[in-house]
Amino acid sequence: MSQDRLKDIANIIDGISTIQDLDLLYEYALLQLREVTHSTAGSIYLCEGNDLVIVYTQNDALTTSDRLKTLRIPINESSLSGYVAYTKKTLNVPDVRKIPAEAPYKSNSSGDEKTGFTTVSVLGLPLKLSGN
């Protein structure tokens, strides 16, 4: 990822600090991040106990993604999203079908199975709210 893209992402994150309504915050942040990364879809997860739960999702290819709201992902190194939450490190996977065998994480296709969407690449960014 280029330095310019990283700066764009940092500016978006700085810009969201003034938004008080959580639904507007999720919508704005995800829309801006998807625009910068040229992404068809994206989701925002929150930690709930030892799991991640999807609280907001956008997808240009699907009319609804409500089926993802029931998806729970353990916070550990076994999945892409769980790895990002567990390690608190950014993860850029250009092709989920080509994850090296030695990587601690694997692509979790349960979201694709529920929606019919096909995930190709993943950019996971850990975000920590102040005070948490």
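T57 is buried in this predicted model, with a relative accessible area of 15%, where buried means under 20% relative accessible area, exposed over 50% and partly exposed in between, as found with a 1.4 Å probe on protein chains only. This is a predicted model, in which local features need pLDDT of at least 70 and side-chain atom pairs count only at pLDDT 80 or more, while totals for chains, interfaces and linings use all residues. Residues are numbered from 1 along each chain as its sequence is written, and side-chain values use heavy atoms, with hydrogens and water left out.

**Around T57**

- T57 belongs to strand β2, residues 51-59; helices (H or I, at least four residues) and strands (E, at least two) are DSSP runs, numbered from the N terminus.
- The side chain of T57 makes a polar contact with the side chain of S43 at 3.0 Å, a polar contact being a pair of N or O atoms within 3.5 Å of which, within protein, one must be able to donate a hydrogen and the other to accept it, and for which residues adjacent in sequence count only if both atoms are side-chain atoms.
- The T57 side chain also reaches the backbone oxygen of G42, at 3.1 Å.
- From C-alpha to C-alpha, T57 and E102 are 30 Å apart in space, and they are 45 residues apart in sequence.

**Nonpolar cores**

- The largest nonpolar core has 9 residues, namely L80, Y83, V84, L91, V93, V96, I99, A103 and Y105; such a core is a set of buried Ala, Val, Leu, Ile, Met, Phe, Trp, Tyr and Cys residues joined through side-chain atoms within 4.5 Å.
- The elements that give two or more residues to this core are α3 and β4, and the largest share, 3 residues, comes from α3.
- When its neighbours within four places in sequence are left aside, I99 is in contact (heavy atoms within 4.5 Å) with L80, V93, Y105, K106 and S107.
- A second, separate core of 7 residues includes I9, I12, L25 and V36.

**Positive phi in two loops**

- Most residues other than glycine have a negative phi.
- H38, which is not glycine, has a positive phi near 55°, and H38 lies in the loop between α2 (22-37) and β1 (41-48).
- H38 is exposed, with a relative accessible area of 62%.
- K88 likewise has a positive phi, near 60°, in a residue other than glycine, and its place is in the loop between α3 (80-87) and β4 (91-93).
- K88 counts as exposed, at 60% relative accessibility.
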